[in-house]
Amino acid sequence: MSSETKSKFIDVKTLSGALPKDVRQKIRKKELVDGQPTTGMCEGYTQANLSIVHKSLADDFEKFCHANSGPLPLLYKSKPGEYAAPALSQHDSDIRSDVSMYNVLVNGKKSGSVGSLLEYEQEMKEMSTFYLGCSFSFEDALAKARVPLRNVEQNLNVSMYNTNIRCHPVGVFDCYQVVSMRPIPRNKIETAFQVTHPLIEVHGAPAHIGDPAMIGITDINKADYGCQVKFQEGDIPLFWSCGVTGLMALQSANSPLAFTHYPGCMYISDTPVKIHDLSSLPDKPKVIALKEEPFFASVTAESVVSKVKALEECIQDDPGNRGISPLHIPDELIKSALSLSHASSVVVTTGFPCIVNKTPPYENDGLSGAIAIATMLQALGKQVTIMVDADMTTVICDIVKTLVSRGVIPKSLDVTSFPPSGQDANLQTAREFLSGEDELHPKYQHLVAIERVGRASDKTWRSMRAVDLTSLVSPIDLLFDAAKDMPYVSTTEVNFFPFTKALEMVVMNLVWVKLKTEWLNISIKDLKLLVRLLLII
């Protein structure tokens, strides 16, 4: 769209309180310039993205919308040749002329943009219109919650980007998501999430918080659609699933003729947005920052945070007076579990060869925890590798094989050591071992060490009684050293048995959540008793 056209856009604030039927009339009568974005207009009313397809594709596209309800929340599907949307608008409505600009797709290619579909009257008789919820609908709710909207402040369309988030394919529809981005002050991120997450009819909560590279956006300053909205100091990019995904889906179908709205040019319905009273929500979302540079945050429920904090208090109970308090870092348990939930590939390492008068000389508490956590992560669909000292690999392989044969774990786990055969044990080898196709896609995204000995100040490995264990230990700690300089590799170190059990509990509940079972379904009284028993054991 030319800068000359953009210069003719009205200030959306003049129509913020207008009724949808009046704005539709203005668009129909060309009182608004073709391509005028509708962000900020008709505050409190539902706006809709459009995908218009031939009736032969309508059933599959409906299934595609249901399978990808984040970017394509279906509000209404019209009958072929139906131009009104009675479920959304009670006043005069004509989808052929009530949107300020449309995309025209011919054989899957965008052939141009038009300000009206009236010239396609015959073709439209054989086509169904899909009205899909739009994030413009919740901007009024964000503003009332005192969340700044930079695009509205700057009288601009939102910034939209292609991503690496693949949609669930259905029939001929197979594409990646598009997201809209709003710069949000860091201290307002949680409010923005809480306001939008119940509004699933209009995309709901952000799909991603922070670091754009993680979802395939290489340059935040180059929007693929819409306008380049400027950040202010302290702003963090929040990304919502976007209805422009419909454009990508229709392109993937290669149908002879299809239409969508032009990005930012929505159909404004007569349906009010269902605003939720946050104080009445049974469980509010809690935003947890996992990484500062580049910033990345995840989300869980406030009730989960409180239960994990209670668990943290339990594992600090020290009936044996062993001085474990310094081993606990506040809030690291929930951060570790959330970080693991985002990782697709994980290394779990263990092995403490301190029983030097035994063969093999390894403690077994770290091993049981490592296999338990590895199995849980594997159940979540993650690639999991157990990493142990070179002399321990045969033993672990035999244990894993036995556990599988007895049905204790469902399938085998990879077992390896470091460094790879024939390679030197140094930091560069460790970096190369962790490296994947590029910095953003390392071979392993999270490293977990359980009951794993680290080096002493003299660069040797020693037991608590100062016995030199160097000849028994492989330098796996180099991987953790290398990870410090790799922003897309996270680490968790568990140095005491109850901490291992606590992490097991939280990771296990990631599996329970996947199975739609209650999180941490155990009383705090029972939890404290369990941890005390573990400490005594």
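Biologist: What makes E190 and K286 a salt bridge?

Modeller: A salt bridge is a side-chain nitrogen of Lys or Arg within 4 Å of a carboxyl oxygen of Asp or Glu. The closest N and O atoms of E190 and K286 are 3.8 Å apart, so the pair meets that rule. This is a predicted model, in which local features need pLDDT of at least 70 and side-chain atom pairs count only at pLDDT 80 or more, while totals for chains, interfaces and linings use all residues. Side-chain values use heavy atoms, with hydrogens and water left out, and residues are numbered from 1 along each chain as its sequence is written.

Biologist: Why are E190 and K286 called partly exposed?

Modeller: Buried means under 20% relative accessible area, exposed means over 50%, and partly exposed is in between (1.4 Å probe, protein chains only). E190 has 23% relative accessibility and K286 has 29%, so both values fall in the middle class.

Biologist: How do you know that helix α7 is largely enclosed?

Modeller: Six of the eight residues of α7 (residues 189-196) are buried, so the rest of the structure largely encloses this helix. The buried residues are I189, A192, F193, Q194, V195 and T196.

Biologist: Let's follow the other partner. What makes β13 an edge strand?

Modeller: Two strands pair if DSSP finds at least two bridges between them. The open sheet has seven strands in the order β9-β6-β7-β10-β8-β14-β13, with antiparallel pairing. β9 (225-226) and β13 (285-292) each have a single partner strand, so one side of each is left without a neighbour in the sheet.

Biologist: How many bridges join β13 to β14?

Modeller: Seven bridges join these antiparallel strands, so the pair passes the two-bridge rule. Within the pairing, A289 stands opposite A297 in β14.

Biologist: Which strands does helix α8 touch?

Modeller: Helix α8 (residues 245-253) touches β6 (159-166), β7 (176-185), β9 and β10 (235-242) as it packs on the sheet. Contact here means heavy atoms within 4.5 Å. The direction of α8 makes about 165° with that of β7; axes are lines fitted to C-alpha atoms, for helices over the stretch in contact, and angles run from 0 to 180 degrees between N-to-C directions. Helix α9 (residues 302-315) lies across β13 and β14, running at about 90° to β14.

Biologist: What makes D235 and R150 a salt bridge?

Modeller: Their closest N and O atoms are 2.9 Å apart, so the pair is inside the cut-off. D235 belongs to strand β10 and R150 to helix α6 (residues 150-153), and the two residues are 85 residues apart.

Biologist: Are D235 and R150 buried or exposed?

Modeller: Both are buried: D235 has a relative accessible area of 10%, and R150 has 7%.

Biologist: Why is K484 called exposed?

Modeller: K484 has 68% relative accessibility, so it lies above the cut-off for that class. Its salt-bridge partner D481, at 3.7 Å from N to O, is partly exposed with 31%. The count for the structure comes to 26 salt bridges. Those that share partners join R24, R28, D92, D98 and D270 into one network.

Biologist: What makes β16 a mostly covered strand?

Modeller: Four of the five residues of β16 (residues 383-387) are buried. Strand β15 (residues 345-350) runs parallel to β16 and is joined to it by five bridges, with V346 opposite V384.
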